[in-house]
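Subject: Structure for your review

Dear colleague,

Please find below the structure that I am handing over to you. My notes on it follow directly after.

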Amino acid sequence: MIKTIVSEELPVGEKFEIKKNIIAGQPAAGKRLCVVTGTHGDELEGQYVCFELARRLNENLSALIGSVEIYPALNPLGLDSLTRGFPTFDLDMNRIFPGEINGHLIENTAHKIIEDLAGAAAVIDVHSSNIFLAEVMQVRINIAAAAALVPFAQMLNTDFIWVHEANTVLRSTLAHSLNSIGTKTLVVEMGIGMRITLDYGNRLVDGLFNLLAALGMWTGARPREISTPLLSTGGEVAYINADTSGVIIPAVEHSRRVRAGDELCRIVSPFEGKVLQNVRAPVDGFLFTLRTFPLVYEGSLIARIYHEGQCAAGGERAIKN
Ligand SMILES: [Zn+2]
């Protein structure tokens, strides 16, 4: 059942609407799992997740208890125009939560989104990277919410769980706003902007069925294999930035372990045939972010490596990748 949660007239003829698909099990009453995406209009990985989740649920609806609610587009104008923010206002939709009931269109929209999602058993907010960086499939968690969220994150079949330090918490995000009112919300980040990575999408849908089963909402078959993600506790993340502008020639793929001194890429000058910088890993660790866009500017992020202070458990699948 499609339900409209926001409907507003736009100045000339168009309508701004946010909709969700409620897939109801038997009984429909009870827990809700909400999958939201499309907050950033240039991130498309979640579109496949929504499709495949709905398709698989509809194949075996009698195994669902409670309901799964799918929100493919929290920023529909952005998605339809492939714009990261909310078009016209040049506003990041994920920096205006929890919104305001009497605010302007976007603040009011944020308020209604929170109102609609509040009370769900879990909310999964699916993001992609931008077009420049490839991200390993990961859950990002604010350290203040880690105790409550890590057990849920470990069910989602990802490679990595990045627990952020408190000083990097963005208070105006959907996830922070929902977690602060007790609705468990996990941010999944994966793949590349404007692309769909089928393997990640299929793995996340398996993870969602695994979570549904753990919540007592799914009596059908559980996925055969759920990966054990590397959990970032006790270590630190190294950021590697370009020292110079140029063209990147990659030397490694992401989602793998690297050793200090390994070459990640070369930045070259096409004019002179010169190597301008050999970009090397500063530490041993797990390469979970890697620039794949071939042009780079001085200061651009090239990679992020998780360096284990103390060796965390897991990561087997990550090593194989
Ligand atoms: Zn995003």
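This is a predicted model: local features need pLDDT of at least 70, side-chain atom pairs count only at pLDDT 80 or more; totals for chains, interfaces and linings use all residues.

Residues are numbered from 1 along each chain as its sequence is written, and side-chain values use heavy atoms, with hydrogens and water left out.

Salt bridges

The structure holds 18 salt bridges, a salt bridge being a side-chain nitrogen of Lys or Arg within 4 Å of a carboxyl oxygen of Asp or Glu. One of them joins the side chains of Asp 116 and Lys 20, at 2.9 Å from N to O. This pair links distant parts of the chain, 96 residues apart: Asp 116 belongs to helix α3 (residues 105–117) and Lys 20 to strand β2 (residues 15–24). Helices (H or I, at least four residues) and strands (E, at least two) are DSSP runs, numbered from the N terminus. Both Asp 116 and Lys 20 are buried; buried means under 20% relative accessible area, exposed over 50%, and partly exposed in between (1.4 Å probe, protein chains only).

Glu 59 and Arg 55 form another salt bridge, with their closest N and O atoms 3.0 Å apart. These two residues both lie in helix α1 (residues 45–59), four residues apart, or about one turn of the helix. Glu 59 is exposed, at a relative accessible area of 60%, whereas Arg 55 is partly exposed, at 34%.

A salt bridge also connects Glu 272 with Lys 274, the closest N and O atoms being 3.6 Å apart. Salt bridges that share partners join Lys 20, Arg 32, Glu 69 and Asp 116 into one network.

The sheet

Four strands form an open sheet in the order β14-β13-β11-β16, with antiparallel pairing; two strands pair if DSSP finds at least two bridges between them. Its edge strands, β14 (274–280) and β16 (295–296), each pair on one side only. Strands β11 (residues 246–250) and β13 (residues 263–269) pair over four bridges, and Ile 248 stands opposite Ile 267 in β13.

Gln 138

Gln 138 lies in strand β6 (residues 133–142) and is buried, with a relative accessible area of 0%. Leaving aside neighbours within four places in sequence, Gln 138 is in contact (heavy atoms within 4.5 Å) with residues including Thr 158, Phe 160, Trp 162 and Phe 288.

Yours sincerely
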